[in-house]
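Trainee: I would like to go through the labels used for this structure and the values behind them.

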Amino acid sequence: MIKAISSLRKSLVLPLHSHIRTLQTFSKHNAQAASALREERKKPVYRDDEYADIDWDNLGFGLTPADYMYVMKCSKDCEFTEGELSPYGNIQLSPSAGVLNYGQAIYEGTKAYRKENGELLLFRPEHNAIRMKLGAERMLMPSPSVDQFVHAVKQIAFANKRWVPPSGKGSLYIRPLLMGSGPILGLAPAPEYTFIVYASPVGNYFKEGIAALNLHVEEEYVRAAPGGAGGVKSITNYAPVLKALSRAKSKGFSDVLYLDSVKKKYLEEASSCNVFVVKGRTISTPATNGTILEGITRKSVMEIASDQGYQVEEKAVHVDEVMDADEVFCTGTAVGVAPVGTITYQDKRAEYKTGDESVCQRLRSVLVGIQTGLIKDTKGWVTCVN
């Protein structure tokens, strides 16, 4: 009887062990297949032998999402780990996410340009990375390292190569966004942060195209105040300008110029760009004192102007100086270098020189030439996308 029971036990155990081994083998292969599938999803299907189906000749500044975005996350006490490319699409957020409730987020803007030979170029992306780190410190957020930031931007440019307009037709606008994505109820830093980079092909920012802008000096609303966050690209800086901007556009103006919040007599900037004033061989721009964004295009234009022999000044620019200027122009990643044709302040309307012989156009030609590879980059401003 004992031998019979022992024999029966063996006959039951051996198939069970065999079945477990089979399950383990299946599970292993299934895990390997799932891992391979995840890897396959992470790898974008590059289609760099063709352009996206877009009317490049009529490209405005609107959202046309490119194929891929880049995402990475971290907790508030950790560093960002390696991110990954994924198809452009919606993201999931808690209703109590820090960005939704307390506006804890900053963003950057940069562009990829296509050379005549098809090569892609980025313009000073490391400066965007540094500015994001400074902004993140102000908003009490962790931020990607400079290398992580530049790597992500390169990944987006390369993965979305077919969305980069032909040379001379526009650029691929790249938007890096850092936000407090973790849930929080009380006013405090979010417990988790998400860094996203997405892109869209764009043409001219203003509906006027390359034509001169008509600006209105805003006296009721201010853009920023000393001690605030006007000097960083916080998302909270932009919605408050919409009312003044909408009012100005309804009266036929392109944009508004904001004055300082204390005396309301000194120029600050426009809704989304820096401002320059030309008088003779002197080019002035409002000094960045914590209320004005230190634009990367601004910085580049100042250096180009100095190279061409202009006296460039960062100072407090009184509104009366603006109304008496020879030229006025705006700079920014989105707007490029845009000429201003008129400025209206109270009951006065000043007109300015524009056209091919203007200072604005000379500076713009050099900047765009470097950005697009038509002029040799001797400053180390351009980064090639391999």
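Mentor: Start with helices α6 and α8, whose crossing is right-handed. The model is predicted, so local features need pLDDT of at least 70 and side-chain atom pairs 80 or more, while totals for chains, interfaces and linings use all residues. Residues are numbered from 1 along each chain as its sequence is written, and side-chain values use heavy atoms, without hydrogens and water.

Trainee: Why are α6 and α8 called roughly perpendicular to each other?

Mentor: The axes of α6 (residues 296–307) and α8 (residues 359–371) cross at roughly 110 degrees and come within 10 Å. Angles of 65 to 115 count as roughly perpendicular, under 35 as roughly parallel, over 145 as roughly antiparallel and the rest as oblique, so α6 and α8 are roughly perpendicular.

Trainee: Which residues of α6 and α8 meet?

Mentor: Thr-297, Ser-300, Val-301, Ile-304 and Ala-305 in α6 meet Leu-363, Val-366 and Leu-367 in α8; contact means heavy atoms within 4.5 Å.

Trainee: How do you know that Lys-233 is buried or exposed?

Mentor: Buried means under 20% relative accessible area, exposed over 50%, partly exposed in between (1.4 Å probe, protein chains only). Lys-233 has 12% relative accessibility, so Lys-233 counts as buried.

Trainee: What does UniProt place at Lys-233?

Mentor: An unreviewed UniProt entry gives "modified residue: N6-(pyridoxal phosphate)lysine" there; annotations may be inferred rather than shown by experiment. Beyond four places in sequence, Lys-233 has contacts including Tyr-107, Arg-131 and Leu-293.

How values were computed
Axes are lines fitted to C-alpha atoms, for helices over the stretch in contact, and angles run from 0 to 180 degrees between N-to-C directions. Helices (H or I, at least four residues) and strands (E, at least two) are DSSP runs, numbered from the N terminus. A crossing is left-handed if the near helix is turned anticlockwise from the far one by less than a right angle, and right-handed if clockwise.
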